[in-house]
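Visitor: I've got a structure to go through with you. Can we take it piece by piece?
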Amino acid sequence: MMIKLFATDLDGTLLLSKQPGCDEKIYNTLKQIIDKNYLMCFATGRNLREIEMEEYLWRLPAYVVSMNGAIILDQKHNLLKSYPFSYEVTKAICEEFANYPLEFLGMRDKWVQQDKESFEAYVLENIPDKFKQAINYKEIACTFFSKNIFNASSEEIASNKIYKIDFMCCDDSVEKIIRDRLFHLFGKDMFHIAYDGMSIEITRKEADKGTALLYLSELLGIKKEEVAVFGDSGNDVTMLASFPHSYAMENAAEKAKESANHIIGNNNDYAVTVEMMKIINRDNK
């Protein structure tokens with residue numbers, strides 16, 4: 001059965017870790033694939049402002065699964081579906097974890113309860129080694145949170161629509177503390193929590209990449225066997241496990257590799273676009 005829809009994570013998967021942003025080589029290959037009437041979807045943990053930073057990608061007619069499935073956009077970037085937290089849930093999380101450097105992601109903005117200096121110091125101290133491959137990685141990291149709204153109160157954060165909560169964390173025991181406290185507050189059926197030893201990403205239970213892509217494929221009338229997905233981290237696990245044509249990077253987290261049916265090359269070697277073209281050439285023989 002031929003592939004009709006390609007869905008790929010961005011950071012650590014489609015995009016190169018050794019340099020910032022999408023380059024012309026990736027863009028030109030994706031455009032070529034789309035011009036051949038294949039459908040494309042970018043499935044990422046980023047919010048819309050962070051996706052828009054990738055100007056090459058944003059100009060392509062591709063579906064978008066943002067913030068791990070909390071927002072789904074069509075090819076023209078119109079909203080198809082969204083899963084924000086309620087005011088009450090957001091407020092309670094703010095107050096329960098007031099001393100943790102959490103990022104609360106809105107559609108385009110991000111709020112942090114800490115001051116800018118403390119938050120930056122924490123991130124740069126705990127940034128995963130895989131991202132330190134990039135030239136000027138500190139500058140790149142700071143770019144991502146340069147527009148954060150710092151010193152935000154719990155009321156200010158909860159008054160906005162929050163779709164995802166991020167916490168950079170490389171300590172399994174801390175992840176367990178956060179998970180247990182969330183379950184104690186709200187029960188085990190409120191959240192989807194993705195963790196890969198580098199970061200904790202919290203969304204509503206309905207919002208994960210796998211569920212989002214199953215919704216999208218059903219909407220488009222595409223069978224699971226006609227979808228190829230690519231990922232590398234904890235937030236890709238549900239997506240990789242949901243489709244038979246699933247590909248994890250050789251540089252992927254172990255959880256991602258265990259969930260995928262195929263392991264391909266390194267993201268810094270353009271492994272995703274190379275594999276996409278192999279699939280297309282094979283299907284068209």
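Visitor: Which residue in S12 does Gly231 stand opposite?
Guide: Ala248. Keep in mind that this is a predicted model.

Visitor: And how do S11 and S12 pair, parallel or antiparallel?
Guide: Parallel, over four bridges. S11 covers residues 227–231 and S12 covers residues 245–249.

Visitor: How many residues of S12 are buried?
Guide: Four of its five, so to speak a mostly covered strand.

Visitor: What sheet do these strands belong to, and in what order do its strands come?
Guide: An open sheet of eight strands, ordered S5-S4-S3-S2-S1-S11-S12-S13. The pairing is mixed.

Visitor: Which strands stand at the edges?
Guide: S5 (79–82) and S13 (262–264). Each has a single partner strand, so one side of each has no neighbour in the sheet.

Visitor: What is the average twist?
Guide: It averages 20° from one strand to the next.

Visitor: Now Met67. Where is it found?
Guide: Met67 is in the loop between S3 (63–66) and S4. Its phi is near 50°, which is positive in a residue other than glycine.

Visitor: Is Met67 buried or exposed?
Guide: Buried, with a relative accessible area of 0%. The cut-off for buried is under 20%.

Visitor: What about Asn151, which has a positive phi too? Where is it found?
Guide: Asn151 is in the loop between helix H7 (137–145) and helix H8 (154–158). Its phi is about 55°, and it is not a glycine.

Visitor: Buried or exposed?
Guide: Asn151 counts as exposed, at 54% relative accessibility.

Visitor: Switching to Gly45. What does it touch?
Guide: Leaving out residues up to four places away in sequence, Gly45 touches Met67, Asn68, Leu105, Lys164, Glu201, Lys209 and Asn235. Gly45 is in the loop between S2 (39–43) and helix H3 (48–52). It counts as buried, at 12% relative accessibility.

Visitor: How far is Gly45 from Trp58?
Guide: They are 15 Å apart in space, C-alpha to C-alpha. In sequence, Gly45 and Trp58 are 13 residues apart.

Visitor: There's a second sheet to cover. What is the strand order in the five-strand one?
Guide: S7-S6-S8-S10-S9, in an open sheet with antiparallel pairing. S7 (110–111) and S9 (191–195) are the edge strands, and each pairs on one side only.

Visitor: How many bridges join S8 to S10?
Guide: Four, between S8 (residues 164–168) and S10 (residues 199–204). Asp166 has Glu201 as its bridge partner in S10. Ile165 stands opposite Ile202 in S10.

Visitor: What joins S6 to S8?
Guide: Three bridges, with S6 (residues 103–105) antiparallel to S8. Phe104 has Ile165 of S8 as its bridge partner.

Visitor: Why is S8 largely enclosed?
Guide: Four of its five residues are buried, so the rest of the structure largely encloses S8.

Visitor: Which strands does H9 lie across?
Guide: S8, S9 and S10. H9 (residues 172–186) runs at about 180° to S9.

Visitor: Another helix, H13. What span should it have?
Guide: H13 (residues 271–283) has 13 residues, and at 1.5 Å a residue they should span 18 Å. The end C-alpha atoms are 18 Å apart, which agrees.

Visitor: Which residues are buried in H13?
Guide: Among them are Ala271, Val272, Met276, Met277, Ile279 and Ile280. Thr273, Glu275 and Asp283 are buried as well.

Visitor: Zoom out. How many helices and strands does the protein have?
Guide: 13 helices and 13 strands. The radius of gyration is 18 Å, close to the 19 Å the globule rule gives for 285 residues, so the protein is as compact as a globular protein of that length.

Visitor: How much of the protein is buried?
Guide: Buried residues make up 54% of the 285. The accessible surface is about 12,500 Å², and 48% of that belongs to carbon and sulfur atoms.

Note on methods
Residues numbered from 1 in each chain as written. Predicted model: local features only at pLDDT ≥ 70, side-chain atom pairs only at ≥ 80, totals over all residues. Heavy atoms only, no water. Helix = DSSP H or I, 4+ residues; strand = E, 2+ residues; numbered from the N terminus. Expected span 1.5 Å × (residues − 1). Buried < 20%, exposed > 50% of the residue type's maximum accessible area, 1.4 Å probe, protein only. Pairing = 2+ DSSP bridges. Axes fitted to C-alpha atoms, helices over the stretch in contact; angles between N-to-C directions. Rg over C-alpha atoms; globule rule 2.2 N^0.38 Å. Areas by Shrake-Rupley, 256 points an atom, 1.4 Å probe, with all protein chains shown as cover. Contact = heavy atoms within 4.5 Å.
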